[in-house]
Number of protein chains: 2
Amino acid sequence: MKPIAPSSGINRRVLLSTLALLPALSGALLPVSAPAQTPGGLLPSWNDGAATQAIFDFVRATVDRSSPSYVFPQDRIAVFDQDGTLWVEHPMYTQVVYCLERVPAVAAKKPELKNVEPFKTVLSGNREAMAKLSMRDLEKILAATLTGMSVEEFNAEAKKWMETAKHPRWNRPYTELVYRPMLEVLSYLRDNAYKTYIVTGGGQDFVRVYAEKVYGILPEQVIGTAGGTRFAYASDGKPYLTKEPKLILNDNNAGKPEGIHLMIGRRPYAAFGNSTGDRQMLEWTAAGAGARLKMLVLHDDATREYAYGPAQGLPDSKVGTFTPALYDEAKSRGWTVISMKNDWRRIFAFE
Amino acid sequence: MKPIAPSSGINRRVLLSTLALLPALSGALLPVSAPAQTPGGLLPSWNDGAATQAIFDFVRATVDRSSPSYVFPQDRIAVFDQDGTLWVEHPMYTQVVYCLERVPAVAAKKPELKNVEPFKTVLSGNREAMAKLSMRDLEKILAATLTGMSVEEFNAEAKKWMETAKHPRWNRPYTELVYRPMLEVLSYLRDNAYKTYIVTGGGQDFVRVYAEKVYGILPEQVIGTAGGTRFAYASDGKPYLTKEPKLILNDNNAGKPEGIHLMIGRRPYAAFGNSTGDRQMLEWTAAGAGARLKMLVLHDDATREYAYGPAQGLPDSKVGTFTPALYDEAKSRGWTVISMKNDWRRIFAFE
């Protein structure tokens, strides 16, 4: 069986190069700008523009009963990538940080790992050496830290970590690094009877731990890279499920529409992403009849967040890659590119 | 890859022995009994008794805010097996009938199959010969009729078939052979904010075709035996998903709690089944804290429907097997056994 690799979409170079940079990224809080209102005040963290117009037009077209693109409430499905779309993905996917930080606890339980690579390197804390870990090494770390325990044990561990871990730049819990403009879109769509789903390359079980609290999205509406579980009985006869190192769904790229079919069974009307890993999901959404909303978040705000992708003219070599080719596809197909710098008046709730 | 086998829970002997009996099973409609009311009239097709009491007690315990077993609305999950629990499974799983009846159309498109077993035998219409088909033969038939087409093509074919195919005994569409008492339970639970799921050994895509219309259950709330899909582009650039002969989830036995974890991500509060294939799902539900409803439908009404399982003292050799061992487990653990004969005043809407 292929080992589970919830981070299949991650680019090793970024992960590793940023490992070394972590301390340098810590920074002071950014100045707060006063919030103002868009028409109707529905998306107060947004500046008026093509992006808000696309959202309002889509909702009107699918919710107004007299519209030729009217969609019955029970059919209203909207899907959102997570990393880089709903929350910060730099300098490293949060889940990868979790896995690296879980290594000492795993090694304490399985001391035989302490002298085995890649665990030895992670335990050394030597960032230069960690920067040389291979993708296969990372997969071993993910398998060791995400599988082999009961689903309840995993949930408890991940929940506890999320409550204490902090992002190196803002020194705040990762769960505060969600994009307020996107939370507003989630609420606005839900207020219009849209069922909102996360469709992430990240681990399904990991994201489910905090998605309800952070995004108002229930576990069954989180689709992610998923491993199998194994049902068995404890010595007292009580059944339990163990997380297995068996990949069921690699929810990246083509895996996103495939995962949507598996978990939802019909085509979304709205899709939000920020990288090539979301391309097929947007294409699949766009290929449906009637009004369909396709949006990509462009990280072009080096001051308030980060700038990477076509905004920086960078080649296809960054985590959460928004390549020039994807940018061109978006433009040629009429998808809406959201500029963090220009479209978002306010990025985080704590600003 | 293992070929998809949505009928893994099926017992070949029943399938094949009943193939020969099909014409003999056609019968006249049964007499209609006047409906009466249970307390409150919430479950009018039920006779008052331990079964209705268990349902009412469970709902009160989980919905009343002052109850120690109160469950928040967003956590209310109820799961239902389909075949033999929500609709008739005799003399053959409806989906298997579909697959057998699709063989001529598949062979017309792929003439090379006409002289290849098991397709040759199915095309011959010789029920004696069909009765000798092996489980492996059946899997070939399922793979040939359930995979290899786009998801839209499959949906259209299955929908069309469901609209015209009829059950041999009642000469009515299969979709009319749903148990009215169970439809009432579905509605009653939904009225109390329970999200109702089907968790079936049948094919997920197949059941999704009619579940909304028949049960009021949306596609994303149908969990079943599921195959993979493959995302690709047509010559015009339009993306499509092809159903692949690759098994992702065998949603029977231990596969049911595993499938529930994959698709819902948390433990149900209520579970309904009728066979050993549902045992682990009920055990998994029962193992949670607080009030949990565990119910098994016993087919003990040979006049109005069928009698099989422990009601008949039958050994473990029938489709949808409700074995004596399962009956004993239900009794010893305090699960509720629903007697179709005694607990259901009325079985079908057309009675």
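Two strands count as paired when DSSP finds at least two bridges between them, and strands themselves are DSSP runs of E with at least two residues, just as helices are runs of H or I with at least four, both numbered from the N terminus. With that in hand, let me start inside chain A, where β3(A) and β4(A) pair in the antiparallel sense over 7 bridges. Within that pairing, F231(A) stands opposite L241(A) of β4(A).

Before I go on, a word on what we are looking at: this is a predicted model, in which local features need pLDDT of at least 70 and side-chain atom pairs count only at pLDDT 80 or more, while totals for chains, interfaces and linings use all residues. Residues are numbered from 1 along each chain as its sequence is written, chains are lettered from A and ligands numbered from 1 in the order in which they are written, and side-chain values use heavy atoms, with hydrogens and water left out.

Over all chains, the structure holds 34 salt bridges.

Now the sheet in chain B. Here 7 strands form an open sheet with mixed pairing, in the order β4-β3-β2-β1-β5-β6-β7. Because β4 and β7 (336-339) of chain B stand at the edges with a single partner strand each, one side of each is left without a neighbour in the sheet. Further in, strand β1 (residues 77-80) of chain B runs parallel to β2(B) and is joined to β2(B) by 4 bridges, and F80(B) has I198(B) as its bridge partner in β2(B).

What lies across β3 and β4 of chain B from the other chain? Helix α10 (residues 255-263) of chain A does, running at about 155° to β3(B), where contact means heavy atoms within 4.5 Å, and where axes are lines fitted to C-alpha atoms, for helices over the stretch in contact, with angles from 0 to 180 degrees between N-to-C directions.

That brings us to the interface, to which chain B and chain A each bring 39 residues. The area buried between the two chains is about 3,300 Å², with carbon and sulfur atoms giving 56% of that area; buried area is the accessible area (1.4 Å probe) that two parts lose on being put together, summed over both. On the chain B side, E220(B), H261(B) and L262(B) supply 18% of the area that chain B buries against chain A, more than any other three residues.

Across this interface the rule finds 6 salt bridges. The side chains of K195(B) and E220(A), for instance, meet in a salt bridge at 2.6 Å, N to O. By class, the side of chain B that touches chain A has 19 nonpolar, 7 polar and 13 charged residues, where Ala, Val, Leu, Ile, Met, Phe, Trp, Tyr, Cys and Pro count as nonpolar, Asp, Glu, Lys and Arg as charged, and the others, Gly among them, as polar.

Notes:
Salt bridge = Lys/Arg side-chain N within 4 Å of Asp/Glu carboxyl O.
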